[in-house]
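Okay, thanks everyone, let's get going.

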Amino acid sequence: MAGSATNFTEFSQSVQNGEANTLRGVYVSNVMALPIVQQPYGNAGYVSNNDGEVTQFGMASQFGNLGLLAHNHLSGAAFSQLAIGQEVRMVYGDGHVEYFVITEVLHYQALQPASPYSSFRNLDKDETLSAEEMFKRVYFGERHVTLQTCIEAEGNLSWGRLFVVAIPKSDYEIFNRLNNWQ
């Protein structure tokens, strides 16, 4: 499991700092227990180079959502172990927790891997999105969490992108009840 905490209670206590509005940790049972660091103001491209932590993507917050970034050769390696249906717990500085459930795991090839303005080709269906369309696809909409890392291929650490999307647990439960009812 990525991170050093052995259980959720221990992890939650280890990341708290009293700041109610600051996201401090992400926990997925048997997969990750990682503290969250904030991007420096005005540096939307910043991703922590420290293994054992993830970075909150500030631009996602501007749209009411939570974005977490990590390099695939560091903490982002745990993102590829995530699956639809898993619970994601987001811990704030005062100890309150938001619960989400993973509903999508998206794989894209970056057509210009070194460019922040690359277009993206969906690896699971015939679809190519511009950088703007990709951003809107994973960071706009109803409240959710997006975990983002790169996909390594062909000797290139930035060959593609992995996006794991989780919606609030209460929405997921309603969605399941509606689908089971029909």
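Let's start at a hairpin: β5 and β6 make one, with four residues between them, and Gly95 in that turn has a positive phi of about 100°. Before I go further, this is a predicted model, where local features need pLDDT of at least 70, side-chain atom pairs count only at pLDDT 80 or more, and totals for chains, interfaces and linings use all residues. Residues are numbered from 1 along each chain as its sequence is written, and side-chain values use heavy atoms, with hydrogens and water left out.

On the names: helices (H or I, at least four residues) and strands (E, at least two) are DSSP runs, numbered from the N terminus. Two strands count as paired if DSSP finds at least two bridges between them.

So what does β6 pair with? β5, residues 87-92, runs antiparallel to β6, residues 97-110, and five bridges join them. Within that pairing, Val88 has Phe100 of β6 as its bridge partner. β6 also pairs with β10, residues 156-168, antiparallel again, over nine bridges.

Now the pockets. We work on a 1 Å grid over the protein atoms alone: a pocket is an open set of points where a 1.4 Å probe fits, with protein on both sides within 12 Å along at least five of seven lines, and lining residues have an atom within 4 Å of a point. Points are joined across faces, edges and corners, and the volume is the space filled by probe spheres set on them.

The largest pocket holds about 790 Å³. It has 26 lining residues, and the closest to its centre are Ala44, Phe57, Pro116, Gln148 and Arg161. Which element gives the largest share of that lining? That's α3, with seven residues. α3 (131-139), β9 (145-153) and β10 each supply at least two. By class, the lining is 18 nonpolar, five polar and three charged. Here Ala, Val, Leu, Ile, Met, Phe, Trp, Tyr, Cys and Pro are nonpolar, Asp, Glu, Lys and Arg are charged, and the others, Gly among them, are polar.

The second largest pocket is about 200 Å³. Its lining includes Gln38, Tyr41, Asn43, Ala44 and Met59. Helix α2, residues 58-61, gives the largest share, three residues. This lining has eight polar, four nonpolar and no charged residues.
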